[in-house]
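Biologist: Let us go through this structure together. I will ask about helix packing and salt bridges.

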Amino acid sequence: MTIPQATFARHWFDEWKADPAVYGPATQRLVELIEQEPEGAWLHILTLVREAPDEAHRSWVGAGPLEDLVCHHGSLFIDRIETTAAVDDRLRKCLGNVWGETSMAASVHSRMRRAAGANADRSR
């Protein structure tokens, strides 16, 4: 069963705002998408970027699913990441929370850091 993207985002943020964060159904679904259907994962991640209400929520997206997507499928998505980040400040801010330097190709990491711009120097 497919749920609307905004509903998915609400469930995902609810899981991550718990202290400690809950590895619930929305998180599990996104992990599965990143592993098995990266195109679908990209759409969900863009929804999370758009729906994140503040900087803290964007940091969760960057340090979590966006980082996982770039680490596993960076060469497939880096062009889209660069293009989208050039016009979307929210994605640029999320990219500032992506680390994973040892888990992605050096060229992908370099391009991702450039796409993050001034946000690249921020620490989690």
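Modeller: Start with a definition: helices (H or I, at least four residues) and strands (E, at least two) are DSSP runs, numbered from the N terminus. This is a predicted model, where local features need pLDDT of at least 70, side-chain atom pairs count only at pLDDT 80 or more, and totals for chains, interfaces and linings use all residues. Residues are numbered from 1 along each chain as its sequence is written, and side-chain values use heavy atoms, without hydrogens and water.

Biologist: How many residues apart are K93 and D89 in helix α5?

Modeller: Their side chains meet in a salt bridge (3.2 Å, N to O). A salt bridge here is a side-chain nitrogen of Lys or Arg within 4 Å of a carboxyl oxygen of Asp or Glu. About one helical turn separates K93 and D89, because in α5 (residues 89-95) they are four residues apart.

Biologist: Which helix holds R111, the partner of E82?

Modeller: The side chains of E82 and R111 meet in a salt bridge (2.5 Å, N to O). This pair links distant parts of the chain, 29 residues apart: E82 lies in helix α4 and R111 in helix α6 (residues 106-116).

Biologist: Which residues form a network of salt bridges with R111?

Modeller: R111 is partly exposed at 24% relative accessibility. E82 is partly exposed too, with a relative accessible area of 24%. The network links R111 with E82 and D79.

Biologist: Are α2 and α4 roughly parallel or roughly antiparallel?

Modeller: The axes of α2 (residues 25-36) and α4 (residues 55-87) come within 9 Å and cross at roughly 20 degrees. Axes are lines fitted to C-alpha atoms, for helices over the stretch in contact, and angles run from 0 to 180 degrees between N-to-C directions. Angles under 35 degrees count as roughly parallel, over 145 as roughly antiparallel, 65 to 115 as roughly perpendicular and the rest as oblique. The two helices are therefore roughly parallel.

Biologist: Which residues of α2 meet α4?

Modeller: Contact means heavy atoms within 4.5 Å. On the α4 side are P65, D68, L69, H72 and H73; on the α2 side, L30, I34 and E35.

Key: Buried < 20%, exposed > 50% of the residue type's maximum accessible area, 1.4 Å probe, protein only.
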